[in-house]
Structure formats: C-alpha cells, structure tokens
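I opened the notebook to record what I looked up in this structure. My entries follow the order in which I checked things.

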Amino acid sequence: MPSTTPSDAPALRGEDLRLAYHGTVVVERAGLRLLPGEVTALIGPNGSGKSTVLRALARLHKPEAGTVALPDVPDTRTLSASEFARRVTLLSQSRPTPSGVCVRDVVGYGRHPHRGRWRQSDPDGPRAIAWAMDVTGTTAMAERPVDELSGGELQRVWLATCLAQDTRVLLLDEPTTYLDLRYQVEILDLVRDLADDHGVAVGVVLHDLDQAAAVADHVVLLRRGEVVGAGLPHEVLTADALTETYGIRIDVTVDEHGRVHTRPVGRHTRRTRTLAAV
Ligand SMILES: Nc1ncnc2c1ncn2[C@@H]1O[C@H](COP(=O)(O)OP(=O)(O)OP(=O)(O)O)[C@@H](O)[C@H]1O
C-alpha cells in the first residue's frame, strides 16, 4: 500500500445525512468527516445508528437526505460501483460465509473492483493479496475452506479481503468482535499503522470505549440517531456525556499520558474491601 502526503481535506465526508428504514427515520442530520491518516471512532449505545451511518458512507444504505462525498466527487452516487469500491471499503458486521471456498480465494474477492467487468489483468493483485494476508495473520490458513474457520479467524479473513481492495478509505464495523485479546490489540495496531504509515482514512465502530480512546484521533458519539459529540477523545468521552448517553453511571479518568479510561459502574461492580472489613 503506497504512502501519501497527509492532507486536511476529508478523504470521505457524510453531510446532513437522514437515514431511514421503511420510512422510519433512525438517523437525522448526521455529519462525519474522515481525514487521511486519521482514525475516527463511532461510538454509542445499541441501536443508536452507528452501523447505519457506516453503511451509508459505504453507499450500502441510500440516504433520504444528505450526501456522501469524496474530495473530487461531490456526490458519490455519480460513481459506478467499481469506481467507488476502488476508493472505499467496508468490513461489515456480518457477511454470508461462502462454502467450500479457500481463504486465499476469499481474500482475492477484494481485487474484483480492480479487475473490471472483463476480468482484465490485475498486476498488483498478488502483491496486495499477499500483503493483506500477512498483516492479518491469515497466510498460514490460505488453503483452508472459510466455512471451517472460527469466528475470529473468519473476521481476520474478511479484514484481509477489505485490505486487498487497497482503498484510501477503510470503514470497519466492530472489527474486534470475536477476536481474542491478542488479535484485538493486533487489529487495532494495524488500523493505527494504516493511518500513520499509509495515510488511510479509517472510520471504525467500536463498543469498547477505552479501545476507542486509545486508537482514535477523533471520536463521534451517537445517541438515538443523532451526533451528540464529536472531537478529540478526552473532549467527547466525559463522564457526564457518557452517563447521559448510555443511561448508567460511567466514571472517566485521564492518565498521565492523557489517555482516557472509562469505568461503567453497575450493581455487579464489587465493592473494594478493606483489610479491616475482612
Ligand atoms: N434492516 C433494518 N430494518 C429496520 N430497522 C433497522 C434495520 N437495521 C437497523 N434498524 C434500526 O435502525 C436503528 C439503528 O440501527 P443500527 O444497527 O445502525 O445501530 P447501531 O448503533 O449500529 O447498533 P448496535 O450497536 O446494536 O450494532 C435501530 O433502531 C435499529 O433497530
């Protein structure tokens, strides 16, 4: 993946998005700007509209109002599916698993937009596929059928498929779901590297607020289909905003490195026992 010069112009922009299912509006006036070389985390409770926004940015959900724009394309609806897929990719929450297809071939699906309708040659394909499999730790399973993989292995294969697509914008819907701790950390490190070293603009939905604070340059907080906070992690992830948004008490601390840590306080939270009480 080539590196590029960082720029202040958004690599992908959603403006004033109104999104609905069967006439029921679930997201209103949402705006989002993904900058090259930066990671933007979308956070918010279940049903707040994160996936719907991400799908709209990926052109998989047609807005009732508003636009999705690339730097040189004011309305991405004017692009063909392949043109758009060469510039933006989405790792969605769930995908049907093809049966009897090996990992290498599934990762190769990511090259479709580069091959065109007549399956022209794709000289960069083998290198892109090998790189995507390498950085996601899927090379060793290249010949295995994907329908035999665990949830976490499959998640890494789908991520490899997105990376093989070699786009400047990467959208990830809960990419750490199913992953054990090691791969959660490795995938988020990879996301950071893609932004830092390759100038990729990343939009990522995360439920883990500490992960969002650690990996993201910007955080966008959604509540009931509205953007209620956007900015640097320590600006958005405040105890008041999180407590109000999630409906439970959430304590927030900022450590000496400026990193935000959140702590939901529920009735299950064990009280600290003092020695005297034992
Ligand atoms: N296919 C659908 N048909 C009708 N309503 C839907 C559909 N998909 C989502 N919704 C509704 O749209 C709203 C936003 O859903 P969305 O999946 O975007 O939320 P989310 O923040 O990603 O949630 P989660 O954290 O649970 O994944 C919810 O009220 C949800 O019930």
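**Entry: model and domains**

I am working with a predicted model. I looked up the division of the protein chain first. Domain 1 takes in 1-87 + 168-233, and domain 2 covers 94-166. I then took the distance between their centres over C-alpha atoms, and it is 22 Å. At the contact, 13 residues of domain 1 meet 13 residues of domain 2. I asked which helices supply at least two residues each to the domain 1 side. They are α2 (81-85) and α7 (181-198). Helix α7 gives the most to that side, with 3 residues. By class, I noted 9 nonpolar, 2 polar and 2 charged residues on the side of domain 1 that touches domain 2.

**Entry: nonpolar core**

Next I looked up the largest nonpolar core, which has 71 residues. Ala-41 and Val-53 have the most contacts inside it. Helix α6 (residues 151-164) provides the largest share of this core, 8 residues.

Leaving out residues up to four places away in sequence, Ala-41 touches Val-204, Leu-206, Ala-212, Val-215, Ala-216 and Val-219.

**Entry: Ala-30**

I placed Ala-30 in strand β2 (residues 24-34). Is Ala-30 buried or exposed? I counted 24 C-beta neighbours inside 10 Å. The cut-off for buried is 20 or more, so Ala-30 counts as buried. Beyond its neighbours within four places in sequence, Ala-30 contacts Gly-14, Leu-17, Val-53 and Val-227.

**Entry: strands β5 and β6**

I looked at strand β5 (residues 88-91) for side-chain direction. Val-88 and Leu-90 point one way, Thr-89 and Leu-91 the other way, and all are buried. Strand β6 (residues 169-173) pairs with β5 in the parallel sense, over 4 bridges. Across this pairing, Leu-90 stands opposite Leu-171 in β6.

**Entry: ligand shell**

I listed the residues that surround the ligand. They are Tyr-21, Val-26, Gly-44, Asn-46, Gly-47, Ser-48, Gly-49, Lys-50, Ser-51 and Thr-52. I sorted this shell by class into 2 nonpolar, 7 polar and 1 charged residues. Which helix gives the largest share of the shell? Helix α1 (residues 50-57) does, with 3 residues.

**Entry: positive phi**

I ended with backbone angles. Most residues other than glycine have a negative phi. I found a positive value in His-22, with phi near 50 degrees. His-22 sits in the loop between β1 (12-21) and β2. With 4 other C-beta atoms within 10 Å, His-22 is exposed.

Glu-174 also has a positive phi, about 50 degrees, although it is not a glycine. I found Glu-174 in the loop between β6 and α7. Why does Glu-174 count as buried? It counts as buried because it has 20 C-beta neighbours inside 10 Å, and the cut-off is 20 or more.

Key:
Residues numbered from 1 in each chain as written. Predicted model: local features only at pLDDT ≥ 70, side-chain atom pairs only at ≥ 80, totals over all residues. Buried ≥ 20, exposed ≤ 12 C-beta atoms within 10 Å, placed from the backbone. Pairing = 2+ DSSP bridges. Near = placed C-beta within 6 Å. Nonpolar A, V, L, I, M, F, W, Y, C, P; charged D, E, K, R; others polar. Contact = placed C-beta atoms within 7 Å. Domains from an automatic or database assignment. Core = buried A, V, L, I, M, F, W, Y, C linked by C-beta atoms within 7 Å.
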